[in-house]
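Okay, thanks for making time, everyone.

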Amino acid sequence: MPEKDDALVEDNGSVVDVDEDVQENDDEATATTRLSDAPTSVIVHPLVLLSVVDHYERVARSTQKRVVGVLLGEVSRGVVDVSNSYAVPFEEDAKDGSIWFLDHNYHEQMHRMFKKVNARENVVGWYSTGPKVRTSDLEINELLRKYTPNPVLLVVEPRGEETLGLPTQAYVSVEEVSESRDGVARSQRTFRHIASTMGALEAEEVGVEHLLRDIRRLSTATLGQSVEARRDALCSLQGQLATLRRYVSDVQAGRLPLSQRVVAHAQHAFNLAPAVNEPALAAAFANNTNDALLTVYTASMARSVIALHNLLLNKRQTLEDERRDASKDDADADALLAAATSAAAGGDSKGSAEKKK
């Protein structure tokens, strides 16, 4: 595990000593600023998810290991916009989670190269394929605080096992003060969950559309995809409702404090749900269904009439063709009969002439 040194390493490799008292005062001053400027939400771009999945497939596929990398982006008004990322060499002991190694020298070199490409992208946090937060994540987060005041931890689930909704969970480290039994206030850092959403630029949207189009071509049934998508959506809704129910039960039992923000979001979600028991809504649905069925019935009748009309035309054309063929056969028979008659008459006249001679 990396240790905290009382020195700073500059880009040219020289070491500059730092006074411990000055460093502690700076840490206390920046801690207050970091708490007040802690991120409140994270926007993840599709390129980041693709990079994380590629990193996992190359390094830790079919294993119990996880991969770690650095997130790049911008921070504006508490919203972290994660637009890029890169992998970092990381190892940890499978039995003892407190023993780990992260190559921060490699990270610094990669950051300098990325900075030359896009100067606006800064280090905003780090990602892990978890699948959950581990005990050593706080120590890794403290290491990342050397490069950004409030690093964001993005836990990504690349395996896709029973994952409904977004496969990302975002956390930020905050300092909590608790009072012990002897009356001494103690502070410790812990992770706090924050909202994570998906966002994309126009070029990224085009790339994702092409990728999804290629994936759909490999499938065999469009109806099966539609049914599976609706099933996943219903399962996701059921999971969210179960989480909300557990939260309400914990609040009623006194295990969790009441959050007006959570209650307001839940009320807003319930207000968006349609009141299916209202007679007016049922009548509107019935009218809409009747209009749709009337259109289908009219179209079916028109198609039946057109098919019957085509059948009659085909029958009439067949009869005319048969009559035309019959008249042609009669004409051919009459011509053959006339030719035979003329030939017979010519033979009789020739025979009588020979007899006269």
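Predicted model: local features only at pLDDT ≥ 70, side-chain atom pairs only at ≥ 80, totals over all residues.

One definition before we start: I'll call a residue buried under 20% relative accessible area, exposed over 50%, and partly exposed in between, with a 1.4 Å probe and protein chains only. Residues are numbered from 1 along each chain as its sequence is written, and side-chain values use heavy atoms, with hydrogens and water left out.

Of its 357 residues, 21% count as buried. The chain exposes about 25700 Å², and 56% of that comes from carbon and sulfur atoms; areas are Shrake-Rupley with a 1.4 Å probe, and for residues only the protein chains shown count as cover. If you take contacts with a separation of 6 or more, 59% are between residues 24 or more positions apart, where contact means heavy atoms within 4.5 Å.

Let's zoom in on strand β3, residues 41-44. V42 and V44 sit on its covered face, S41 and I43 on the uncovered one.

Next, helix α2, residues 46-59. Its 14 residues reach 20 Å from first C-alpha to last, close to the 20 Å expected; the expected span is 1.5 Å times one less than the number of residues. Buried residues in α2 include V48, L49, V52 and Y56.

Now salt bridges, meaning a side-chain nitrogen of Lys or Arg within 4 Å of a carboxyl oxygen of Asp or Glu. A search of the whole structure turns up 13. Take R66 and D137, with the closest N and O atoms 2.9 Å apart. R66 is in the loop between α2 and β4 (68-76) and D137 is in helix α4 (residues 137-144), so the pair ties together parts 71 residues apart in sequence. Are these two buried or exposed? Both are buried.

Then there's R134 with E92, 2.9 Å from N to O. R134 lies in the loop between β8 (122-128) and α4, and E92 in strand β6 (residues 90-92), so this one links parts that are 42 residues apart in sequence. R134 is partly exposed at 30%, and E92 is partly exposed at 23%.

R189 and E142 meet at 3.6 Å, N to O. R189 is in β11 and E142 in α4, so here the tied parts are 47 residues apart in sequence. R189 counts as buried at 19% relative accessibility, while E142 is partly exposed at 25%. Through shared partners, salt bridges join R66, E92, R134 and D137 into one network.

Last stop: L234, L237, L241 and F270 make a nonpolar surface patch of about 410 Å². Patch residues have over 30% relative accessible area and no salt bridge, with like charges joined within 9 Å and nonpolar side chains (Val, Leu, Ile, Met, Phe, Trp, Tyr) within 5 Å. Helix α6 (residues 222-253) gives the largest share, 3 residues. L241 is in α6, and its 41% relative accessibility makes it partly exposed.

Note on methods
Helix = DSSP H or I, 4+ residues; strand = E, 2+ residues; numbered from the N terminus.
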